[in-house]
Every structure is written in structure tokens, then in C-alpha cells.
Amino acid sequence: VKQKKRHMGDTKHFCPVSLKEHFVLHPGLQEHAAKYKENIYYFSTSEYKDKFLKNPEEYVAHSEPIQAPPLRVCLLGTHGAGKTTCARQIADKLGIFHIQFEEYLQELILPKTRKKVGPQFDEEDDNKIPILSEELEDFSQTKTETEKSKQEEALTDEEEAIKANLMDSKELPPEVLDNIVLDWWKKEPFRSTGFILDGFPRTVHEASYLSERGLCPDVAVYIQVEDSDILDRLFPPRLKKWKDKRQKKKEYKKKLKDLKAKMRV
């Protein structure tokens, strides 16, 4: 016996309620299916199915086809794999936003920290060469305290969580992620333009967060690179930076020695 051809709804196998309310293509499930005007619609949850059945005309196409959301891409990979370089090229070619996640976190706290935070930036601070002055006297305690207060203002709980994430890779709480990530899916200009999210999610915790919030990227790309390729890319510039700092330290020590000898005379 031939079965009747199944007619899919306007959103095919995607949930029409998720699309309408969140502008996200969320796959529907067969156990949450419903028929309306001889068409079959699938829903991501039973709640969305009930919502649709109460007012189906709000979620179906009328004079024009339902608009699909823009492209949303998550680009993943280890440090040094070339994510940011690829992301910039893709964003430029497709006309979508490029969001570098950790750089975005830095920008959120930079007005108060006055500098970028994290192990790599702390290392740079440790290697800074002091500026020689005419007098080789220590700064007063008052001046030191004033400079410290200028360097970093008091952080809010959310800013402290962001700093801890950048410094020690501590997980960002869901409420902090809500204030950052949700806007890219739900607010303009990202909502209608699309984006490529560079370096997020970074952990299972962050991937679970996206799933729980129903924030589905259209594509998730993982760039896999051989360790030797990463070493070839990152080692030469870092070696040059180390040599330059070493040379500056030698020059500083020589100038300091000459200045001390001059002051003794």
C-alpha cells in the first residue's frame, strides 16, 4: 500500500517557533510533530509545539516565504592554528562580522585594567626595561600607591570573572556568558548580518552552554594543524622578541653601571 506523501511545513524539519522567536534554525524532533493545514511541522520542545498550536498563524508563512537567519560560524582550533587569519578572510568575503572571543573579553575590562591581562602579557611586563633617570632614587611610597590606583580600578563581579578566565582559564558563569554571547544571536546588527565567532566555544562547558540556550551555529569548523607547523609559525618571532629584550637588558645594565660610576665621582 502506497503511503501518502508527507507535506512539510514552511520551515521543513526546523522548529518554526525557534525561528520566529530566536531567529535560529533549531532542528525539530519527530516526537514533537504536529499537523496544520495538511502540513507537518516539527518542534524542538513540547512547549514550542503547544505554543504553535495555540496560535499557528503567527509562525507560518503568509504572502512571502519565511526569512532564514544569516550565517553563524564557530571557528575552533588550538592556539597558533591560524584561526584569526582565516576568520578575517572569511568574514571579509561573506560580509559578516568577525568576533575574536578572547580579544572581546580583553576589551570589556581594558578600561579598568589599563592593560591586557593573561600569562602572555604578564611575561611581557616582567621583561620591561626600567627607564633610566638622572637620579637613581626609588620612587616614594605615595607615588607608587598612586600609580597602582591609576593602573587598575575596582572590578565588578562580572569583570572579575572575565579577568579570572583570561588569567587562569576559570570557567565563565552562565550569567556572564548571557551578557556577552546572547547579543550576537539576538540583537542587531549581528542578528541580521551574521558572524564568525573565532575561538568560542573553547571548552565542553561553553559548548553545553550554547546547547542549553538553543544557540546553534550553522557551521562549526575545527582547524587541525600539525604541532611542527605551529612551532614553525610561532617560534621565530618569539625568539626574535626574546633576543631583542636580552639585548636591551644588556644595554640597560651597561648604562646603569656607567651612570653609577659617574655619580661616584
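**Close-up 1. The loop position of E58.** E58 is placed in the loop that runs between α2 (46-54) and β3 (72-77); helices (H or I, at least four residues) and strands (E, at least two) are DSSP runs, numbered from the N terminus. The model shown is predicted, so local features need pLDDT of at least 70 and side-chain atom pairs count only at pLDDT 80 or more, while totals for chains, interfaces and linings use all residues. Residues are numbered from 1 along each chain as its sequence is written, and side-chain values use heavy atoms, with hydrogens and water left out. With a relative accessible area of 38%, E58 is partly exposed; buried means under 20% relative accessible area, exposed over 50%, and partly exposed in between (1.4 Å probe, protein chains only). From C-alpha to C-alpha, E58 and V17 are 9.0 Å apart in space, and they are 41 residues apart in sequence.

**Close-up 2. The chain as a whole.** The protein chain has 11 helices and six strands. Of its 265 residues, 30% count as buried. Among contacts (heavy atoms within 4.5 Å) in the protein chain with a separation of 6 or more, 71% are accounted for by residues 24 or more positions apart.

**Close-up 3. Helices α4 and α8.** Helix α4 (residues 101-113) packs with helix α8 (residues 174-186) at an angle of about 125°, and their axes are 12 Å apart. Axes are lines fitted to C-alpha atoms, for helices over the stretch in contact, and angles run from 0 to 180 degrees between N-to-C directions. α4 is therefore oblique to α8: angles under 35 degrees count as roughly parallel, over 145 as roughly antiparallel, 65 to 115 as roughly perpendicular and the rest as oblique. On the α4 side, F101, Y104, L105 and L108 meet L177, I180, V181 and W184 of α8. The residues of this contact divide into eight nonpolar, no polar and no charged, where Ala, Val, Leu, Ile, Met, Phe, Trp, Tyr, Cys and Pro count as nonpolar, Asp, Glu, Lys and Arg as charged, and the others, Gly among them, as polar.

**Close-up 4. Helices α7 and α8.** The axes of α7 and α8 come within 10 Å and cross at roughly 90°. That angle makes α7 roughly perpendicular to α8. E158, A161 and I162 in α7 meet V176, N179 and I180 in α8. Four nonpolar residues, one polar and one charged make up the contact of α7 with α8.

**Close-up 5. The surroundings of E159.** E159 belongs to helix α7 (residues 157-168). Its relative accessible area is 15%, so E159 is buried. Leaving aside residues up to four places away in sequence, E159 touches L108, I109, K112 and A154.

**Close-up 6. V221 in strand β6.** Strand β6 (residues 219-223) contains V221, which counts as partly exposed at 34% relative accessibility. When residues up to four places away in sequence are not counted, V221 touches C74, L75 and L76. A distance of 10.0 Å separates the C-alpha atoms of V221 and D198, which are 23 residues apart along the chain.

**Close-up 7. The cysteines C15 and C74.** C15 counts as buried at 0% relative accessibility. C74 is also buried, with a relative accessible area of 2%. The structure holds zero disulfides, a disulfide being a pair of cysteine sulfur atoms within 2.5 Å.
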